[in-house]
Amino acid sequence: MEELEISKKAIKGDDDAFLEVMQLHKESLLRAALAFLKDEHAAIEALQEVTYRAYKKIHTVKEPAYLKTWLTRIMINYCQDQVKRINRIISDSQVYDISVYQDQSLIELKEALGMLSNADQQLIYLKYFQNTKIKEIAAMEKIPEGTVKSRLHKVLKTLRLYFKEKGESDHV
Amino acid sequence: MYEQEEQSLSKLKNDIEKISLPIEKADEAILSGFMKAKREKNLVKKKQKRLVGLAIAVIIIISFVTSIRISPTFANALTSIPGMEWMIGFIEQDKGFSAIIENDYYQKVDVSETKGDLTLTIDGVVMDESGMNVFYTLKSTNPLTGGEIKYINLLNKEEFPEHSRSYNVYFPDNIQNEFQDMVEYQFVDSFSFDELKFNFEFVTVMDNKEIKFLIPFELKENVKKNITYPIDQVVEVENQKITIEEIIVYPLRIGVKVAVDPTNTKEILGFEDMRLEDENGEVWTSIANGTVNRTLSKHEKMYYLQSNYFEKPKELYLRVNKLMAIDKEDAVVIVDTEANMLVKSPKDGKLKLGETSKAQAEFFMVSDSEDMYTIFDEAIDATGKELSIPSTEFYNHENKKYWNMFFENSEYENPLQMKLTFYPNYIEGDVKLKLK
């Protein structure tokens, strides 16, 4: 069956189609979780919770073609809430379990992304990690495409400034 | 312009894509998330009852908390009627109902009809001037799971008076080959039939197939007459004036007819602890599972309490200490379902808007209470057209309570005005009226 057909059926409340949708997108959802949570166990828990939330809300999805993005947004929102909670619990001790793959500059990038607002993190994730089209982001957020573009620019600028400042202070 | 940043981002993306994923655990996680949601959905469905036949607002409160002490007489009465044990669920929630059993007011019917694998039995009936409760059992040689009830109707030579009807639509998951339930008819005004011959119409859907039953039965005893106390007294709670007009005691329930003063500054949404109290301090509180009130006119409502019909108290008082009330200017919520905007809501800001579409609107608020109430019965659109809300899904998640309402159709113009029927805001006082 076509992905779009499955999505439509899932939105209408077909349980099998719903499970199929989750199968189709589980990898990208897990990767989103790992990008924010940095821990496999937490990512699995996140996937469980997102499945639960998605099942309860899937009938509210208006555009079946955007189902994957819709799921990703639920995941990111959940992860951001978790991160906030974890930060409250262990103030600012940062753990990177997957840093084996990363060189220093990427750790810095992740740190930088952590400084962004939740909305901006979500925007960056959708655009650069999931290659979501600007048009789709605009539709999901109910804002004009131009606004998405200017927000992206602003975020990239913030990132650049962050590195610039950091670079300067590192050299002092 | 920001090529360097974009490149770093895409490098990070590639890194994340290199991580090997715990696919097996992921499948388990999906399944357990799905099962959890499914269980809750079934729970909500089970608690939803289908209400038919009334253009009058009815609030259903479903609660499974109360458990009353079962007296020895009552235990005896129960064992004397074989097959009655399952009714304990209903009886435990209502003092009036246990008194009905103890006083032999339950009429055994025990008439069956078999269609293929299915046998439907009318076990018995409790009837008074306020309504009729019909207890039935559906048995099958195959599991009943997945089936549902399409339609239940009672017929008499006489036309039924204005009434509401409620019954469970879905078979619970935990049953096998047998389903037992009660159909509740509640009459708006006191009523009794001349002839006690009835037909019980029952349509169930199993494996997409409709199965119809039509069972005739006859009752031996007609209703016991109600006891009416004319009161007509004005009471006051935090400057809100309320007239207690009359109290009607039936075996199945007590109706307390109340009128609010149109000049009140607050809208009274409900009585939290309205009760009858006798000289020994024994109390009869509101109906725990069923219709708790009924709107009679703009300012008049009937509130229902558990019955003490079969008791003979020396003294009897009506008491009220806590009312649910909201400032009149806060009593109407305005929402635009297309813009997903809460245009007007109570000033304390507790009520929040979730996702909306033309067909549906979700509201939520932080609340620890597990009780489920509908918060709105109907909406009025921008052109003044009334729009009913035939179904509302309730659920609790974390510390929030959710209402997801489905409108009868999407042919309306935003914004919608909706009158609150529930809101967690209270006023307190001490009302004590002597009935006898």
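Q: What makes residues of chain B and chain A count as being in contact in this predicted model?
A: Contact means heavy atoms within 4.5 Å, and in this predicted model 41 residues of chain B are in contact with 43 residues of chain A.

Q: How do you know how much area chain B and chain A bury between them?
A: The size of an interface is often given as the accessible area lost when the parts come together. For chain B and chain A that area comes to about 4300 Å², with 65% of it on carbon and sulfur atoms. On the side of chain B, the residues that lose the most area to chain A are Y2(B), L9(B) and I30(B), which together make up 16% of what that side buries.

Q: Why is the pair of R160(A) and E5(B) called a salt bridge?
A: The rule asks for a side-chain nitrogen of Lys or Arg within 4 Å of a carboxyl oxygen of Asp or Glu. The closest N and O atoms of R160(A) and E5(B) are 3.4 Å apart, so the pair meets that cut-off. Across the interface of chain B and chain A the rule finds 4 salt bridges, and 11 residue pairs are in polar contact between the two chains, both residues being at pLDDT 80 or more.

Q: Which elements of chain B give two or more residues to the side that touches chain A?
A: They are the helices α1 (3-18) and α2 (23-47), together with the strands β22 (352-357), β23 (360-366), β26 (391-397) and β27 (400-406) of chain B. The largest share, 15 residues, comes from α2(B). By class, this side of chain B has 17 nonpolar, 8 polar and 16 charged residues.

Q: What makes the aromatic pair of Y106(B) and F135(B) edge-to-face?
A: The count over all chains comes to 28 aromatic pairs. In the pair of Y106(B) and F135(B), the ring centres are 5.9 Å apart, within the 6.5 Å limit, and the planes stand at 65°, over the 60 degrees required, so the pair is edge-to-face. Because Y106(B) lies in the loop between α5 (95-102) and β3 (107-115) of chain B and F135(B) in strand β5 (residues 131-140) of chain B, the pair ties together parts that are 29 residues apart in sequence.

Q: What makes the peptide bond between N414(B) and P415(B) and the phi of K142(A) worth noting?
A: Most residues other than glycine have a negative phi, and most peptide bonds are trans. The bond joining N414(B) and P415(B) is cis, with omega about 0°, and P415(B) is placed in the loop between β27 and β28 (416-420) of chain B. K142(A), in the loop between α7 (134-141) and α8 (145-171) of chain A, has a positive phi near 55°.

Q: How do you know where the coordinates should not be read in detail?
A: Where pLDDT is low, the predicted coordinates should not be read in detail. In chain B, whose mean pLDDT is 83, the value stays under 50 over residues 43-71. In chain A, whose mean is 79, pLDDT is below 50 over residues 88-103. The model scores ipTM 0.79 and pTM 0.57.

Definitions and conventions. Residues are numbered from 1 along each chain as its sequence is written. Chains are lettered from A and ligands numbered from 1 in the order in which they are written. This is a predicted model: local features need pLDDT of at least 70, side-chain atom pairs count only at pLDDT 80 or more; totals for chains, interfaces and linings use all residues. Side-chain values use heavy atoms; hydrogens and water are left out. Buried area is the accessible area (1.4 Å probe) that two parts lose on being put together, summed over both. A polar contact is a pair of N or O atoms within 3.5 Å; within protein, one must be able to donate a hydrogen and the other to accept it, and residues adjacent in sequence count only if both atoms are side-chain atoms. Helices (H or I, at least four residues) and strands (E, at least two) are DSSP runs, numbered from the N terminus. Ala, Val, Leu, Ile, Met, Phe, Trp, Tyr, Cys and Pro count as nonpolar, Asp, Glu, Lys and Arg as charged, and the others, Gly among them, as polar. pLDDT is the predictor's confidence in each residue, from 0 to 100. Rings of Phe, Tyr and Trp (its six-membered ring) pair if their centres lie within 6.5 Å; planes under 30 degrees apart count as stacked, over 60 as edge-to-face and the rest as tilted.
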